[in-house]
Amino acid sequence: MTFTVTGDTVHGTERIFPFDLIPRVIPDAEWQKIEQGLSQRIIALNLFLNDIYHGGKIIADGIIPEDVVKSAAHYRPEMVGVDVPKDIYIHICGSDLIRDGEGNYLVLEDNGRCPSGVSYLLENREAMKRAVPGMYRALGVRPVDDYADLLRKTLEFLSPRQAQSPVCVVLTPGLYNSAYFEHSFLARQMGIEIVEGRDLVAIDGYVYMRTTRGLVQVDVIYRRIDDDFLDPQVFREDSMLGVPGLMDAYLKGNVALANAVGTGVADDKVTYAYVPDMIRYYLAQEPIIDNVPTYLGWREGDRRYILEHLEELVVKAANESGGYGMLMGPSSTKEERVVFAQRIEAEPRNYVAQPVVSLSRHPTICGDHIEGRHVDLRPFVLYGEDIEIIPGGLTRVALTKGSLVVNSSQGGGSKDTWVLYQ
Amino acid sequence: MLSRVADSLYWLSRYIEHAENLARLVEVTRRDSLAIRGASSGESIWRPILFASDLEDEYENAASDDEKNADVGYFVTLSVDNPDSIRRCIALARENARVVRDQISEEMWVELNSIHLYLKSQAAEQDYLQDPDRLFRKIIRFSVVFQGLTASTILHDEGWQFSRLGQFIERTDKTSRILDTLTFTGDEPERSELLSVLRACSSFAAFRKEYVDGVSFRNVASFLLFSQAFPRSVRFCLRRLDETLHAISGVAPGAFSNEAERLTGSALAQINFSSVDEVWSRGLHKSIDDLQVRLNNIGQQIYETYVHLPFEIRNVTRTEGIPLDWRHQQQQQQQ
Amino acid sequence: MRLRIHHRTEYTYPQPVSESANEVRLKPRQNRWQDCDSCLISVLPAAPLTPYLDLYQNQAHRFQVTEPHIRLVVDSRARVTTKPRIDFEQLPYGMTISDLKQLQELESCYPFLQPSHYISLDREIWRQAVDIQGQSTDVFQTAYAIMEHIFDVYDYREGTTVVSTPAHEVIQQKTGVCQDFAHAMVALCRSLRMPTRYVSGYFFDATHDHHLRGSQASHAWAEVYLKDVGWVGFDPTNRKVVDETYITLAIGRDYQDVAPVAGTFYGGSETLLNVDVSIRRLERAI
């Protein structure tokens, strides 16, 4: 399986995403808790988005400072007062979970824009079924193969034309995107078209795709393009990936987008720190899965703490993902720390820090023997008519000994994740 | 199906057909140049290739920039400075195939990917110098295998029809261009040149079956233009093109529903109702020139009918053989 | 049995309304027959929930939407594990009508012997209850007979009653839906001095052809108190003794105490209500 990496030196190169044959096994009871915790979280995040784009009670009630919300890079003033289809903002969410020293699951971050990785999960499962069919059956592993059906149902649920069978498409930035393989994989599995911006055209508030039979109206777009690139008339003018007029059609309710526009404010790393408060506020209950303790650069006390403890902390840029713009305190050089300290001073809002959580380790094949390697877990949550979480998720593993960075773009690998019936 | 997908399938097969024809042309020319050891200069033998592939200007520029390119064979086969070299065509075919990975079979992809990797490698450079036969056999063999796989491993649906369009329009073009090389000097071609042209079209054996009375300029032209049964003749290819266009639109043969069909129908009628004598009296070069213009128009019309929207077509200009000037791709970060 | 419930209540107002104050009782109760593994209640327009326990220890939530709105949605998603409630091989016969006297003084039974908002205990209801009871002196048997009577005689028909129809009208016209059947059962049993409470909840139709009623909406039934056994549920809509396919949301004297969603608002007079309940059994290993 290949994907591409962006960065300073490598550009547009294909790399293999390594796959480890030892599956991670999650017992039923543990999974129940994860499932409930993630459902709770996606509901709270969606209520939060609904709220901040419709008046902002949570801000008025002093739970989250207005600054935090409005200064998030992915906050979209265009979405204020807009009712999104079925009131759902994040339809597809990939939250990263880790386990602390006591074995408790913690949420490390929420990916509420266009989370990727589900194709690896599905392909890993196919590979494991072939590799160890006996074990797979004997253990009673819950299947994951209905993901594409569930995703399609989630999308169809949003269609503004319920009367007829909805036309759904996957919108990809194109061939050179690192996750193109996944986009095309999902489109194929769902039996829908994979389109690029240039395949779509917005006319008089409706979106159509160009086919050899002429224009076909599109109802739901599973977009794997960030907000910024969606529509050059509204967002970045230089976007070559988007569809001019798409937002107009979206705001008129003639086409649905999954995820909705403006969800990035919910997966901002500063907003993240407030998710437990959101859960308490909207749902009147305690978080089922906790956050990793997080220090916020913009809070003066926290910032002082961060600057004084750079060596012990993981510092993250609030709006970056995929392991970019990160400082791993314990393994950093003095120079790196100086650079980060300057950046934090310059843009406190844009930095958060967390203590290094000793990610749990999992046996992994290393050459001719087995060693423990750090892992995390990204389950995929679908929020349509129902909330569905396919059992398991993508277990990412840091292949370098001692490394805590599991991102595929930073030399991580993956494992199949087996959720058992009992 | 998506217009862009149809377009990619069209170009995928068109580039491969193009690469195969170039390979045969270069291989035949190379052999000839060996046979006529010490002839006036390599130049005059290689000239027609540049002419047949419309690359004379590119060649002049590239040859003055890099001495490697002075070798026409290299320029046409492996040069990265030649936008139309076999290596570049295969790379473009692969780009198009990537777009439609889910429409083509795994076998097709594997074949294409491996020839692409080979042509990019040092091994290809080495083969060119030491064992060129192997290089050209590989390319031609690849194309034949790929077309076989196209016929036997994917659904014969609309997408397949578009790949046939690309294949046959390119083949018509190339056969006529190769034939046209005989008019290049203006003199009556020599027998060896006639044989080279037949070989470049893989048609020597087939020709002998239809024309027992011998190899003459008229016979060769007549065969390559009018043969009913030879699968590379202009008539044969135009007939396939016409059938395929009708299969796509669903319109009955003889009628037409768009410009591409009308132009193809009229080109086919022209071939059906004319003879080598007529061609001769108009001049072979002139006739082929007319055909080229028609083919360009047909290509353009296929594009306008199935790929682009009428209201957007105004500002689009396009050159045959050069990949679409699509908007640029942009990298996006992974989450 | 592991069950997953999604209960969506959607009010649509043709004219914007405001100052909406609401109370919901949507969290499944925790008791010895059922564990509420999780329950997520959310409201749109987004509003904070305030939890509290009501008189009958039901988990209720309050919320307010003060700004003008034309739609109010309450979503509840719960996961519940139910256990067998009753041994069908050994039904709890044995308590006699004369034993009922001891229960009159029990604090836990007292409210469920009195008339309440929907339940009046008049002579006519008592007369019918006695008729159904016949010669039986067994409490379980009598309750069962009342349930069967309602199921057999009453006509299940939507639109014949409204949310405010009291028990005596139901008993008179002998038609209605599950709320009415449960009210009728409560009234008939109480008139015989049997402690009986009204239960709001869900019902999972485990039959192959899904012919039972009440699984598409929130359901209601009655529970009768049996000495040494506790509360035993009877579902007159389906003629079933309540088992592990039932999930209890709230208990009370009648619908008034347990309404899943209830509230008031200013403005507009019309309200369109749409309720959707889906219950799924979570898969087991094959």
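1. Is Asp302(A) buried or exposed? Asp302(A) is buried, with a relative accessible area of 15%, where buried means under 20% relative accessible area, exposed over 50% and partly exposed in between (1.4 Å probe, protein chains only). The side chain of Asp302(A) meets that of Arg299(A) in a salt bridge at 3.4 Å, N to O; a salt bridge is a side-chain nitrogen of Lys or Arg within 4 Å of a carboxyl oxygen of Asp or Glu. Arg299(A), at 35% relative accessibility, counts as partly exposed.

2. Basis of the note. This is a predicted model, in which local features need pLDDT of at least 70 and side-chain atom pairs count only at pLDDT 80 or more, while totals for chains, interfaces and linings use all residues. Residues are numbered from 1 along each chain as its sequence is written, chains are lettered from A and ligands numbered from 1 in the order in which they are written, and side-chain values use heavy atoms, with hydrogens and water left out.

3. Chain arrangement. Two pairs of chains touch, and the most contacts are between chains A and B; contact means heavy atoms within 4.5 Å. Chain B and chain C do not touch, their nearest C-alpha atoms being 28 Å apart.

4. Extent of the interface of chains A and C. Here 26 residues of chain A are in contact with 29 residues of chain C. The area buried between the two chains is about 2300 Å², of which carbon and sulfur atoms give 47%; buried area is the accessible area (1.4 Å probe) that two parts lose on being put together, summed over both. Gln36(A), Lys57(A) and Tyr421(A) supply 24% of the area that chain A buries against chain C, more than any other three residues.

5. The rule finds seven salt bridges across the interface of chain A and chain C. In one of them, the side chains of Asp386(A) and Arg280(C) meet at 3.6 Å, N to O.

6. Elements on the chain A side. Those giving two or more residues to the side that touches chain C are α1 (28–52), α11 (275–283) and β21 (387–389) of chain A. Helices (H or I, at least four residues) and strands (E, at least two) are DSSP runs, numbered from the N terminus. α1(A) gives the most, with ten residues.

7. Helix α11(A). This helix is mostly covered, seven of its nine residues being buried; among them are Met278(A), Ile279(A) and Tyr282(A). The cover includes α1, α2 (57–60), β5 (105–111), α10 (269–272) and β13 (290–291) of chain A, together with β2 (34–44) of chain C. α11(A) is followed by Ala284(A), whose phi is positive, near 55°.

8. Nonpolar cores. A nonpolar core is a set of buried Ala, Val, Leu, Ile, Met, Phe, Trp, Tyr and Cys residues joined through side-chain atoms within 4.5 Å. The largest has 217 residues, and those with the most contacts inside it include Phe48(A), Ile221(A) and Leu112(B). Helix α1 (residues 3–35) of chain B gives the most to this core, with 14 residues. Apart from it lies another core, of 81 residues, among them Val43(C) and Phe234(C).

9. Salt bridges within chains. A search of the whole structure finds 71 salt bridges over all chains. Arg113(A) forms one with Asp267(A), the closest N and O atoms being 3.3 Å apart. Arg113(A) lies in the loop between β5 and α4 (118–131) of chain A, and Asp267(A) in the loop between β12 (256–258) and α10 of chain A, so the pair ties together parts that are 154 residues apart in sequence. Arg113(A) is buried at 11% relative accessibility, and Asp267(A) is buried at 8%. In chain B, the side chains of Glu17(B) and Arg171(B) meet in a salt bridge at 2.9 Å, N to O. That pair links helix α1 of chain B to helix α9 of chain B. Glu17(B) is buried, with a relative accessible area of 0%, and Arg171(B) counts as buried at 7%.
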